[in-house]
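Keep the structure open while reading.

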Amino acid sequence: MEEEAILSYLENREEIADSGQFASERGLDHDKVVNVIKSLHGYRYIDAQDIKRETWVLTEEGHTYAVAGSPEMQLFLAIPPEGISREELQKKLDPTIFKIGSSQAAKNKWLDMGKHISRKVQHAEDRVKNVLIEIKDGKAPEAEDVKALKTRKLIAPLIWKGYSVRKGPNYAPKRKKVATDLTRENMQRGDWKDLEFKEYNFCAKGQPAEGGHLHPLLKERVRQQLKMIFLQMGFEEMPTNNFVESSFWNFDALFQPQQHPARDSHDTFFLQAPSTTKQLPEDYVERVKEIHESGGYGSRGYAYEWKRDEANKNLLRTHTTAVSSRMLYLLAQNSFLPKRYFSIDRVFRNEAVDRTHLAEFHQIEGLVCDRGLTLGDLIGVLHDFFSRLGMENLRFKPAYNPYTEPSMEIFSYHEGFKKWVEIGNSGIFRPEMLRPMGLPEDVRVIAWGLSLERPTMILYGIDNIRDLFGHKVDLGLIKRNPICRLGVK
Ligand code: PHE
C-alpha cells in the first residue's frame, strides 16, 4: 500500500517533499512509509534525502490537561457566578490543580483573588488545552505557545526523522520482482534471459557455522584430566566395557548378601533377555557361597541359604566396583603383584530422577592393593588424589558398605557453598571379599569411589544434574560452557 502510493505519486511528479506530510495526508503510518522508502532507495527506485525536524510531544502532565482542561480552566469553572471563599474553592479542587490554577488564572486576569474569589470575566478560553490538542494531532505550534508550554513542562522536544524523495535511476511505477536464485526451471524454460537478479551482498555475514561441541563430562579438564591424575599417580585403567554384569560380580563377589535391599528391582535394573549369565568360575562361586552361608577366614558369614539363581541374574551394573571385583579376582589367579587400578565409566540405578539423581551416571573408582596397607594409607592416598582436584580440605565420616570395613564417606569443604559437601565413599575391602578370590592373607585393598557428575557440576556451576546429562540436557549450555580446569580456583 505504502509502496504503491509512493511509486505512483512520483510517476508524474518531481518529488515528495516531506514523507511525514505525505503519510498524514494519506492516512498512512509514517514508520511503514519510512521502511518502504529505505527499501526502494536500496534498489535505487528512488533517491531519498534525510530530513530532521524538531517537533513537540506532550508530557504526561500535558496529556492529562489535553483531556481534562488546564488547571486554570478547571479552577475558573469551579467558581460560581456569585464567587466563592478561598477555603470552599480549595475543598472543591485537587491541591496541585488549585495551586497551579490560581496562579495561572491570576496571570490571565480571569479572577479577583482575595479571601473571596470571583470571576473578573464572563468567559475564558482554554488556550493551553487547545494548543495541547493541536500538538497531539501533529500540528506545528506557534513559537509563543511553545515557550509557555515548555516552561510549564507540558511539552517536550522530539527529533522527528523523515525523508524527501525523488525518482531514482531504476525508477519504475511498479517494483519488479527480482530473482534471488537461478533455478533448473529457469534454465529449462529459458526465462532466465528476462530475469532480473538480485545483486549479491558480499558483506552479508552469512549463516553462522555450526560445529560439534564437547560435552562437559568429556571436556579435557574433567574426565581426561581425572585420567591424567590417576596415570600420574601410577594407576592403570581397568576395562569397563561391559554395562551388563551378572549379580555375581556386581554383588555376591562383594560379599553383599542376597537379601540386601540394593538387590531389589526397585533399585537395580535387571535384564529380561538374556536374563542370566552363562559362565562363572565354578570353584570361586563355591567359595563365595561358602563365605555367605557359613563364613571362613575368621568370619561368621551371614548364615542364610545362598542361591545360585540369584547370582546368575543379569543386570546393568550398579557401580564400577563390579569391575574392580573382576580385576581383583584375575589378579589373584597369578602370583601376587601390588597394583593400582582405576576406572571411569557409566553405572545404572533404578532411581527416581530429580535434580541431583539420574538413573544412569558415571563413577570414578580407584584402588590400591598391596601387602599390609592400613587406613592411614587410604587417608593418605585420598588426600593426594583429591588435592590434585583442588580439594585440599577433607573430612571423613564412618560409613557402611557390605564390602568394606572400615568404610568412610569423604567430605570436602566447598568455599562457594560455605559448607562440607559429600564427595565420595571409600574403605578397605573385607577379607570376606578378598580371601575367597585367592589373594594372600596379608594383602589389603584400599579403594574409593565418586561420581563424575558431582565435581563436574561443581566446576561448571550447574545445579540440576538433568541439565548436564540425559535426555533433558540443555544443548545451549553444552555449546556455551567453557573448558574448566580441575584444581584451578
Ligand atoms: N561402590 C561404592 C558406591 O557405589 C563406592 C566405593 C568404591 C566404596 C570403593 C568403597 C570402595 O558408592
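Q: Which of the 13 residues around the ligand come nearest?
A: The model is predicted, with local features needing pLDDT of at least 70, side-chain atom pairs pLDDT 80 or more, and totals for chains, interfaces and linings using all residues. Residues are numbered from 1 along each chain as its sequence is written, and side-chain values use heavy atoms, without hydrogens and water. A residue is near a molecule if one of its heavy atoms lies within 4 Å of it. Of the 13 residues around the ligand, the nearest are His319, Thr321, Arg349, Gln363 and Tyr403.

Q: Which side chain has an N or O atom 2.8 Å from a nitrogen atom of the ligand?
A: A polar contact is a pair of N or O atoms within 3.5 Å. An oxygen atom of the ligand lies 3.0 Å from a polar side-chain atom of Arg349, and for Gln363 a polar side-chain atom is 2.9 Å from an oxygen atom of the ligand. The 2.8 Å distance to a ligand nitrogen atom belongs to the side chain of Thr321.

Q: How much of the accessible area of the ligand does the protein cover?
A: Accessible areas come from the Shrake-Rupley method with a 1.4 Å probe. On its own the ligand has 320 Å² of accessible area. The protein covers 90%.

Q: Which element supplies the largest share of the shell around the ligand?
A: Strands are DSSP runs (E, at least two residues), and helices are runs of H or I with at least four, both numbered from the N terminus. At least two shell residues each come from β11 (360-371), β14 (419-429) and β15 (443-451). The largest share is 3 residues, and it comes from β15.

Q: What radius of gyration does the chain have?
A: The globule rule is 2.2 Å times the number of residues to the power 0.38, and the radius is taken over C-alpha atoms. For 489 residues, a compact globule would come near 23 Å. The C-alpha trace spans about 120 × 85 × 40 Å along its principal axes. The chain has a radius of gyration of 43 Å.

Q: Where is Pro406?
A: The peptide bond from Glu405 to Pro406 is cis, with omega near -5 degrees. Pro406 lies in strand β13, residues 404-414.

Q: Which loop holds Lys109?
A: Lys109 is not a glycine, yet its phi is positive, about 60 degrees. Its loop is the one between α7 (95-107) and β4 (111-112).

Definitions and conventions
Polar contact = N/O pair within 3.5 Å; in protein donor to acceptor, adjacent residues only side chain to side chain.
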